[in-house]
Amino acid sequence: MSKQYLTIHTLDDVHPTDIFHLAPTPTGILSCSGASSIQFNATTTSDFPHVHTFPKEHIAGVHHMTASANGDTVVSKGFAGEVLIWKIPPGTEATDDWVLEGKLTTAGSGGFIWAVALSADGRYLAGTASDGHVSVWDLKEEGWPLVRSYFTKNSFGTSVAITGEGELVASGHLNGGVYIFDNQKGKLWHSCQGLMLVIRSVAFSPAAKLLAAAGDAGIIAVYDVKTGDQVMTFTGHKAWVMSLDFNATGEYLLSGAYDGRLKIWSIENRACVATHGETAKCLWCVRWLPKAVAKGQTRGEMFAVAGQAKSISFYREASGS
Amino acid sequence: MSADLSLRLSNYAAPTNEANIPVAETEDSGSRPKAPPRRDSQYVLSRIEYIFESQVDALLAENKPLSVTLQIRRAVKPSGTQEDGHSKVKAIAPRFRKFEFPGKSEQEAWRYSVILRVLEIIHEALTEDMIFTKREIFYRDPALFNQQLVVDRTVDDLAFTFGVPRQLLNVTATAKGLAAGAFTIHRQDKSSVKGWLDREGTLISPIGENDTVEMPDVEWILVIEKEATFHSLAVSPFWETIKSRGIILTAKGYPDLSTRAFLRFLSSHAPHVPILGLADFDPDGIEIFSVYKHGSMALPHENAALKVPSLHYLGIDSAILSEQGNARQEQGLLQLSLRDRRRAMAMLRRAPFVEGGKEPGLRRELQVMLMLGVKAEIQVLEARDGGLVRWLKEALKGACSQNG
């Protein structure tokens, strides 16, 4: 069984350099790049208009960003090391009027922070550190205290994921390590059998039943979160896998690679159902758009990809397939 | 140094021998033993600054002469033989010599001036993070120093006085830079240096005002980060091309002033010849390239005369990662160390790598390096079909056609 996806729009002039990360909100998509400003484009109309430019707070560029499900809280991580928290002040009607709340104090989290991920409820922020630490901060509490800090085997944390209300955190590391932590108990839940080579992305399925991890091995490993066992292996990418994302129902996994190829995998059929890639330029980030948006506007589910091509491309499932 | 000649001699004694006498309980140490100072460049700087301050104090105090005391090296002679047959080295009491200004003779005043001038240059080298050769120091003030030997001896005496190796003064013995290829330099003294004669390369010594260069056949100039790459090209079959149509040059890492001046000399002589840089894909490689092109961020006053803005980055860069369309098979990639990461993070915050700066392409390379966590040395090309030479031929062809 294969599925058909069409490129419905490409935004070419949002950023002057590589786009490193995307974060969808209910009404649009945030993007960050080697430039100092985060950009926001609406996804509620078919031409995806640019509606907001963040202030130039990240002098060295931005490589990670993450948003709460409602889009009110945004966290961005700059190349100079800074972690910034942005919020739409309560009571504001606009859905694109983020204000810089402050800079996260990352002391005690080991080394410097690289990847960050925010729980869907916007309360817990997970981050990986250069020395292998994986930490969690509570953004609801005054002063954004560090509430969890786990130590792994001293290997640079390249990627991180957190479940809806912060119950679990997963991390991927330079040495191929993949870990799942239980935040309620405050301890390591599973040290998964890694892929030997650098892990570049980890992603939980929406109900947190599965964890996907991938990187330089070109293979995508899918783990059962409850047991930590590897239950599926997807092979087919011919280059480093840079980014992973489950769709809203958990039926499909989207992956993007260094050679510009993206693939969609059916969890049920354990197979690749679509492959795209017009350029050989690295896809730094791939993200499904929230289903509600897609439903409101179109019949098929949508996703966005971005990378070295400096553009954001939107794909939609072709009707009738 | 122009000092008030009316200053009279007195018994002023400069602090002298902390370097060589074990630190005993000094007057201010009370019951706590003082940790011996760490012998790093900071230590040398503070010693030099102390000497400068003493001079100022002496100038301010009416009756104090200017003076500086050096510890003079003595040849160590074996004295007698121990029972086990090993020659025994007699412990020699350090010998100190104080030089005053104006001093007892013209000679002493001159020695004092030489020492202060050398200290001033070393101080500059240390604060600006530059490496000077002894030759470069001589050319700073040939009228004062009179001959090279004077500089050599003073530098070595200072290193000995501070109890540090000469490298800690940021002074090297000889020229660092090497050049080879289709050029001839005609020196003012009628001697000439022919770049094609020696595959090993010619040491780059300072270019005099009236020196000229002849390079009619040169089609490109290649600035190479590392000496090893320079030599591997010189011994390869590519040497035939280099000696007839190109120039290769290296400063063995971060460039000294002579090498930068030489490149600038070549570029102003033949502005139409493309100048290309070959460095590792790592933060140091990019920074070294940037020093040749834009100058050292620490030495803006020297940069105007030394920078080579037409220098073009040939590689290697992140493009080598995907050349074969299969990043998985890339051999020879190294993990970025934490030091590399911190360095790249810091570089992204300043010129010429800042947003809107002069090197947007290299800004991207630094960001990609951090994103991927990998670096690669030039040698990575050797593992490929045709090796470094084939890659270089292609790259030169591309770069020269762009320029032409």
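This is a predicted model: local features need pLDDT of at least 70, side-chain atom pairs count only at pLDDT 80 or more; totals for chains, interfaces and linings use all residues.
Good morning, everyone; I would like to begin inside chain B, where the interface of domain 1 and domain 2 holds two residue pairs in polar contact, both at pLDDT 80 or more. A polar contact here is a pair of N or O atoms within 3.5 Å, where, within protein, one must be able to donate a hydrogen and the other to accept it, and residues adjacent in sequence count only if both atoms are side-chain atoms.

Residues are numbered from 1 along each chain as its sequence is written, chains are lettered from A and ligands numbered from 1 in the order in which they are written, and side-chain values use heavy atoms, with hydrogens and water left out.

Chain B is divided into domain 1 (41-74 + 94-172) and domain 2 (178-402), with bounds that come from an automatic or database domain assignment. The C-alpha centres of these two domains of chain B lie 35 Å apart, and the contact (heavy atoms within 4.5 Å) takes 10 residues from domain 1 and 10 residues from domain 2. The area buried between them, meaning the accessible area (1.4 Å probe) that two parts lose on being put together, summed over both, is about 760 Å², and carbon and sulfur atoms give 61% of that. On the domain 1 side, E128(B), M130(B) and E136(B) supply 57% of the area buried against domain 2, more than any other three residues.

Let me now turn to the two chains. Here 24 residues of chain B are in contact with 31 residues of chain A, and together the chains bury about 2500 Å², 60% of it on carbon and sulfur atoms.

How many salt bridges does the rule find across the interface of chain B and chain A? With a salt bridge taken as a side-chain nitrogen of Lys or Arg within 4 Å of a carboxyl oxygen of Asp or Glu, the rule finds one, and R364(B) forms a salt bridge with D18(A), the closest N and O atoms being 2.4 Å apart. Between domain 1 and domain 2 of chain B, by contrast, the count is zero salt bridges. The interface of chain B and chain A also has eight residue pairs in polar contact, both at pLDDT 80 or more.
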